[in-house]
Amino acid sequence: MARKQSDYLADILSDEAEATPPARIEESSAPAPLASPAPAATRQERARGTTLLGRESALARLASGEVRQVTQLLLDPARVRVWTGNARHYAHLNEDNCRELIDSIIAEGGQKVPAVVRRIEDDPDHDYEVIAGTRRHWSISWLRANSYSDMMFVAQVAQLDDEAAFRLADLENRARKDVSDLERARNYAEALKAHYGSHLTRMAERLKLSKGWLSKMIKVAGIEDAVIDAFASPADVQLKPAYALAQALDDAKAAPAIRAEADRLASEQRALRTAGASPIPAADVLKRLLDAPRVAQSAPKREPFTWTTPYGRPALTVQSVNRQGVTIRLHAGSGADMETLASALRDTLEHLERQGMGLQR
């Protein structure tokens, strides 16, 4: 069962309970019944007096800061931006992955579960930013642009600093299957520096997470984009197998082979997408990446390619081919003129392309 937003706020504020009383919404209640019956007029007067005293007490407690109000508003989503500290990438949301939520909002006649936002002052185009409820914000925005122009974004306004906002967003995202391990890992890595001074133990304590598990997430966050591109989607990068990949990349001897294989895989994935074919499954991608150092070590060494003139003199030699490019040496004294060297360069690049080592990898 999904947790209420009020539960999230209570969890976040509970850590500051010693300094500040926990947040709650004050509600007036009817007085308890008396032991002996009283005339109707007397009961009404007593109830009125008790209610007035209860209201005065509630107002006094609110003014003193003992009780915090949670304000719920109907907002135009165009005036609400999404907080950049959230793990979920707003750009990855679309009609397909929000379809279930969109249909639910339509069926219920509006958004029933409020998002959590906070007021901002530094942006003339927006009044609030979303801390929890990114998919709700996207869905309401989509509905307003597609025949439901009167649909409003329902949100609770909370006063949260960046660290508390991060904890709130993290609590909500833990229950979301559509937030990938890689998104969460990179979100944790950014938060570790931004909110916890790179102190992993402190962060684990604040989030109530295992330090060992959090350490693995931070490790996975360090996998470079060039290797992630080998997968059909970043969502395919799961914590356990990705941690093994991150460890393999720490090996200075193995890393070049893994990166070279990642380049080849990325090219293959692009070609499959262009052709409308099924992508290479994540398990196969991971196996090829982890096997790459062994395969490279067992492969026969290729002799450097040399282009020679009709007189048997070397004019051009390929010295190295790697992710940064192709290094070529032009030999002095070969007797080749500019036109011949240009032809030699063209022949060499075509040869490398046929060998799978060209610049268009």
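**The contact of H10 with H12**

A: On the H10 side, the residues that take part are Pro241, Ala244, Leu245 and Ala248, and they meet Leu286, Leu289 and Leu290 in H12. Sorted by class, this contact holds seven nonpolar residues, no polar ones and no charged ones. The model is a predicted one, and the values below are computed from it.

Two packed helices are described by the angle between their axes and the distance between the axes. Here H10 covers residues 239-249 and H12 covers residues 282-298; their axes lie 10 Å apart, at an angle of about 20 degrees. H10 is therefore roughly parallel to H12, because angles under 35 degrees count as roughly parallel. The crossing of H10 past H12 is left-handed.

Ala260 and Ala292 are 32 residues apart along the chain, and 8.3 Å separates their C-alpha atoms.

The axes of H6 and H8 cross at roughly 100 degrees and come within 8 Å. H6 and H8 are therefore roughly perpendicular to each other, since the range for that word is 65 to 115 degrees. From H6, the contact takes in Asp181, Leu182, Arg184, Ala185, Arg186, Tyr188, Ala189 and Leu192; from H8, it takes in Trp213, Leu214, Met217, Ile218, Val220 and Ala221. By class, the contact of H6 with H8 has eleven nonpolar residues and three charged residues, with no polar ones.

Ser198 sits in the loop between helix H6 (181-196) and helix H7 (200-207). Its phi is about 65 degrees, a positive value although Ser198 is not a glycine. With a relative accessible area of 48%, Ser198 is partly exposed. Lys208 is in the loop between H7 and helix H8, which spans 211-221. Lys208 is also a residue other than glycine, and its phi is positive, near 60 degrees. At 58% relative accessibility, Lys208 counts as exposed, because the cut-off for exposed is over 50%.

A further loop residue is Ser334, found between strand S8 (325-330) and helix H13 (338-354). Ser334 counts as buried, because its relative accessibility is 6%. A polar atom of the Ser334 side chain lies 3.2 Å from the backbone nitrogen of Ala336. With neighbours within four places in sequence left aside, Ser334 is in contact with Thr309, Arg313, Pro314 and Ala315.

As for the chain as a whole, the secondary structure of the protein chain comes to 13 helices and eight strands. The protein chain has 361 residues, and buried residues make up 35% of them. Among its contacts between residues at least 6 apart in sequence, 67% join residues at least 24 apart.

Conventions:
Residues are numbered from 1 along each chain as its sequence is written. This is a predicted model: local features need pLDDT of at least 70, side-chain atom pairs count only at pLDDT 80 or more; totals for chains, interfaces and linings use all residues. Side-chain values use heavy atoms; hydrogens and water are left out. Helices (H or I, at least four residues) and strands (E, at least two) are DSSP runs, numbered from the N terminus. Buried means under 20% relative accessible area, exposed over 50%, partly exposed in between (1.4 Å probe, protein chains only). A polar contact is a pair of N or O atoms within 3.5 Å; within protein, one must be able to donate a hydrogen and the other to accept it, and residues adjacent in sequence count only if both atoms are side-chain atoms. Contact means heavy atoms within 4.5 Å. Axes are lines fitted to C-alpha atoms, for helices over the stretch in contact, and angles run from 0 to 180 degrees between N-to-C directions. Angles under 35 degrees count as roughly parallel, over 145 as roughly antiparallel, 65 to 115 as roughly perpendicular and the rest as oblique. A crossing is left-handed if the near helix is turned anticlockwise from the far one by less than a right angle, and right-handed if clockwise. Ala, Val, Leu, Ile, Met, Phe, Trp, Tyr, Cys and Pro count as nonpolar, Asp, Glu, Lys and Arg as charged, and the others, Gly among them, as polar.
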